[in-house]
Amino acid sequence: MTSLDQYPKPSVAVDLAILTIVQGQLKVVLVERPADDVAGWAMPGGFVHVDASLEATVTKVLHEKVGLKGVHFEQLATYGALTRDPRGRVISVVYLALCPAAQLGETPLADLTVDWPGETGGVAQALRDATLLPLAFDHGAILGDVVKRLRGKLDYSRIAFAFLPDRFTLRHVQEVHEAILARPLKKPPFRRKLLDRGMIAPTGEFETGGAYRPAELYQVKPEE
């Protein structure tokens, strides 16, 4: 049996793109790094210990660094450019963690923006109070890939509903799509297409406390 001791061991980390939507704006959780280290703002992350799985490390980072439990997450991609971390050879496995805004509580958020249309891809930017945040490592490119993934999965998956509570209106679903696509959608064709997909069902309940006619509440159908 070949010994692994002869092979150099790069560091392996997980980084979390924790996203939500607030008032029609795609938001991301970022942490400010120490000025005496790799300066800038970065996605929450942590190194993978030899006795921990990737998923267990994600759960730990979510809980210890952001205070979150029970959040939908899925693996996005692995990033291993030789120069991505000036401290040394670090391979990062990046996960999407999507949740309704209420689940994040008072966690500080930054606006996540892109200047490319459709699913073409590109580097993303993060702003807080209209001020551009310098992103550490390759996190600008990674967050661009995150938006590209979200846009690519909207039409065939249930990913949009990860941003919503258990009960939601058709308006809420449209707002999620508009925030991810960064463009307005026409209400009648959007709603027809949404209902034709057969992923949601009416609950028979209605919104309360609004100034207008209450909208019907829907829920996601269980997957067959």
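Which residues does Phe163 touch, not counting residues up to four places away in sequence? Before the answer, please note that this is a predicted model. Phe163 touches Leu19, Thr20, Ile21, Leu26, Leu98, Cys99, Pro100, Leu150, Val176 and Ile180.

Next, the core. The largest nonpolar core has 44 residues, and Phe163 is among those that touch the most other members, along with Leu19, Leu30, Leu143 and Leu150. Several elements give two or more residues to this core, including strand 1 (11-22), strand 2 (25-28), helix 3 and helix 5 (187-196). Helix 4 provides the largest share, six residues. Another core, of 15 residues, lies apart from this one, and Leu16, Val29, Val93 and Leu104 are among its members.

Now helix 3, residues 139-153. Its 15 residues reach 21 Å from the first C-alpha to the last, close to the 21 Å expected at 1.5 Å a residue. Buried residues in helix 3 include Leu143 and Leu150, and also Ile142, Val146 and Val147. Arg151 and Lys153 are buried as well.

Last, the pair formed by helix 4 and helix 5. Their axes come within 11 Å and cross at roughly 100°, which means helix 4 is roughly perpendicular to helix 5. On the helix 4 side, Leu170, Arg171, Val173, Gln174 and His177 make the contact, and they meet Lys187, Phe190, Arg191, Leu194 and Leu195 of helix 5. Sorted by class, this contact has five nonpolar, two polar and three charged residues.

That is the end of the tour.

How values were computed
Residues numbered from 1 in each chain as written. Predicted model: local features only at pLDDT ≥ 70, side-chain atom pairs only at ≥ 80, totals over all residues. Heavy atoms only, no water. Helix = DSSP H or I, 4+ residues; strand = E, 2+ residues; numbered from the N terminus. Expected span 1.5 Å × (residues − 1). Buried < 20%, exposed > 50% of the residue type's maximum accessible area, 1.4 Å probe, protein only. Core = buried A, V, L, I, M, F, W, Y, C linked by side-chain atoms within 4.5 Å. Contact = heavy atoms within 4.5 Å. Axes fitted to C-alpha atoms, helices over the stretch in contact; angles between N-to-C directions. Parallel < 35°, antiparallel > 145°, perpendicular 65-115°, else oblique. Nonpolar A, V, L, I, M, F, W, Y, C, P; charged D, E, K, R; others polar.
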